[in-house]
Amino acid sequence: MVDLTGLQSWQALARHARDTSQEHLSELFRQDTQRYQRFSAEACGLLLDYSKNRVTQETLNLLLDLARERDVEAWRERMFAGEPINLTEHRAVLHTALRAHPDRPVTVSGEDVMPAVARVLAQMRRFTDAVRSGEWTGYTGKRITDVVNIGIGGSDLGPRLATEALIPFASRQLRCHFVSNIDPSHMIETLAPLSPETTLFIVASKTFTTQETMTNAQLARDWLLKQVADERAVARHFVALSTNADAVSEFGILPENMFEFWDWVGGRYSLWSAIGLPIALSVGMDNFEQMLAGARCMDEHFRSAPLETNLPVIMAMLGIWYIGFFDAHSHAVMPYDQYLRILPAYLQQLDMESNGKSVCRDGRPVDGSTGPIIWGQAGTNGQHAFYQLIHQGTRLIPADFIMSAHSQHELEHQHEQLISNCLAQTEALAFGREDSAIVAELEQQGLDADAVAALLPHKRFAGNHPTNTILMDELNPYSLGVLIALYEHKVFVQGIIWNVNSFDQWGVELGKKLALAIQDELQSGKPVSTHDSSTNALINEYLKRRHKS
């Protein structure tokens with residue numbers, strides 16, 4: 001395959017970037033009174049305004065030429081068809097099958113996977129209905145009031161995002177908690193206010209061997225048995241999301257309470273599977289299926305819409321533009337909705353674990369920069385934390401602003417305050433402020449000419465900072481499904497452009513292996529000399545301080 005920078009479309013974009021690098025958004029809007037209409041698109045009830053980007057129609061045409069030269073459309077079909085596009089693990093990538101129409105076959109290695117997907121969804125419905133109705137009780141017969149999900153990575157971030165985002169739709173009789181960190185403080189503080197008689201644990205580990213998850217699961221099991229003192233209680237207070245039936249049974253969980261998922265579902269794409277069980281417990285299976293329906297709508301849009309109006313493709317190619325030609329190292333995500341406060345953390349894993357790669361699919365080094373650093377915070381908090389850097393710093397930081405037309409609460413005036421801040425920030429980032437307006441304001445305050453001249457550089461807003469604005473009617477299960485699937489497909493498209501495998505994560509393996517060796521050394525309590533001088537010294541200093549009386 002031709003290196004990225006050797007492609008004709010890439011070279012055309014490089015020339016175009018040189019020719020247009022000094023263009024300002026203010027001028028682009030002055031030149032085109034129909035710019036918003038030209039550079040906005042809608043799908044599945046979600047509006048994307050990308051007019052405040054440093055692009056022209058020529059820019060977009062050239063970006064889509066790159067997408068076609070990189071064969072994005074064919075790779076998209078290969079994914080939906082169940083081909084093993086995760087090349088290093090020889091796996092299909094079929095999170096889309098988890099939300100597909102059940103009557104449309106999806107084949108992996110010659111087998112239609114949809115009956116298995118339907119079976120697990122039916123199992124989830126039976127179980128969640130039983131817990132939510134009070135039919136399923138703890139060992140002593142008391143109703144379940146608290147659910148603790150024990151997982152890490154995609155087994156934590158995905159269900160935690162959705163559960164927190166959909167709190168207005170949740171049962172107030174069932175509280176959901178999430179434990180991921182192997183630091184015992186996380187589990188201990190979560191358990192402190194809970195009763196073992198009314199707590200249900202979900203252990204989410206495909207292999208049932210994940211160190212962090214199983215350590216925390218054992219801690220929870222010990223906590224339960226310390227207070228209930230009967231091994232049979234485990235079966236009433238633990239269920240498993242796994243494929244390792246033997247290990248699950250040995251833990252004390254009944255086989256019928258193990259929820260299956262498959263190796264063609266990557267962890268960071270797994271909230272649509274049985275990993276979404278805590279979501280279904282919280283908001284009910286009907287709402288969980290609405291979330292699947294929203295994602296399915298975005299899947300169908302992504303698969304069928306022309307590239308020119310395809311939301312994931314547009315967002316992906318804009319990111320390619322800034323990373324490839326403006327040296328943008330990061331991308332900010334600003335949800336102006338408190339219920340979406342952990343969306344940036346979720347997208348960190350989705351994007352950075354997928355496209356944080358330095359080799360192509362064929363093992364050669366990549367040609368240029370790949371995935372950006374993803375970060376952000378819920379508005380308006382971020383405005384008082386890091387917006388200063390975006391407005392007046394030295395780095396170009398593209399950003400997504402996300403908002404809803406309707407609040408979940410009957411406080412429209414306060415919701416309008418929130419939305420006015422969101423819109424004002426995108427306007428300020430795009431257009432900045434004319435020096436003449438700043439001078440007039442300072443003169444009106446009574447400053448003399450020297451004082452005005454001294455203060456002007458500090459008050460200057462250059463603008464020309466690109467943003468996307470995503471608007472939905474309201475945040476609900478359906479629109480959340482649309483939003484998450486939008487970002488999933490954006491990440492996929494960018495991975496195809498960079499020619500990386502977006503679906504493995506070998507970069508997490510080395511640290512895990514080294515940690516196991518160091519753990520044995522810490523438990524032995526003996527000084528070590530087998531590592532580098534820094535690691536040796538830190539291990540030995542830790543042991544000395546730990547054993548200090």
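Quick housekeeping before that. This is a predicted model, where local features need pLDDT of at least 70 and side-chain atom pairs count only at pLDDT 80 or more, while totals for chains, interfaces and linings use all residues. Residues are numbered from 1 along each chain as its sequence is written, and side-chain values use heavy atoms, with hydrogens and water left out.

Okay, the disulfide. A disulfide is a covalent bond between the sulfur atoms of two cysteines. The cut-off here is a pair of cysteine sulfur atoms within 2.5 Å. Our pair is Cys44 and Cys297, with the sulfur atoms 2.2 Å apart. Cys44 sits in the loop between strand S1 (40-43) and strand S2 (46-49), and Cys297 is in helix H13 (residues 285-304), so the bond ties together parts that are 253 residues apart in sequence. Those labels are DSSP runs numbered from the N terminus: helices are H or I with at least four residues, strands are E with at least two. The torsion about the S-S bond is about -95°, so this disulfide is left-handed.

Is Cys44 buried or exposed? At 18% relative accessibility, Cys44 counts as buried. Buried means under 20% relative accessible area, exposed means over 50%, and partly exposed is in between, using a 1.4 Å probe and protein chains only. Cys360 is buried too, at 8%, and Cys422 is buried at 0%.

Now the rings. Rings of Phe, Tyr and Trp (its six-membered ring) pair if their centres lie within 6.5 Å; planes under 30 degrees apart are stacked, over 60 edge-to-face, and the rest tilted. By that rule we get 21 aromatic pairs. One of them is Phe201 with Phe238, stacked at 4.8 Å centre to centre with 20° between the planes. Phe201 lies in strand S7 (residues 199-204) and Phe238 in strand S8 (residues 238-241), so the pair ties together parts 37 residues apart in sequence. Both are buried.

Another stacked pair is Tyr336 and Phe401, at 5.9 Å and 25°. Tyr336 is in the loop between strand S10 (330-335) and helix H15 (343-355), and Phe401 is in strand S12 (residues 399-404), 65 residues away. Again, both are buried. There's also a cluster: ring pairs link Trp10, Trp321, Tyr322, Phe325 and Phe326.

Last thing, charges over rings. That needs NZ of Lys or CZ of Arg within 6 Å of the ring centre and within 35 degrees of the ring normal. Arg78 lies over the face of Trp75, at 4.3 Å from the ring centre, and Arg99 lies over Trp272 at 4.6 Å.
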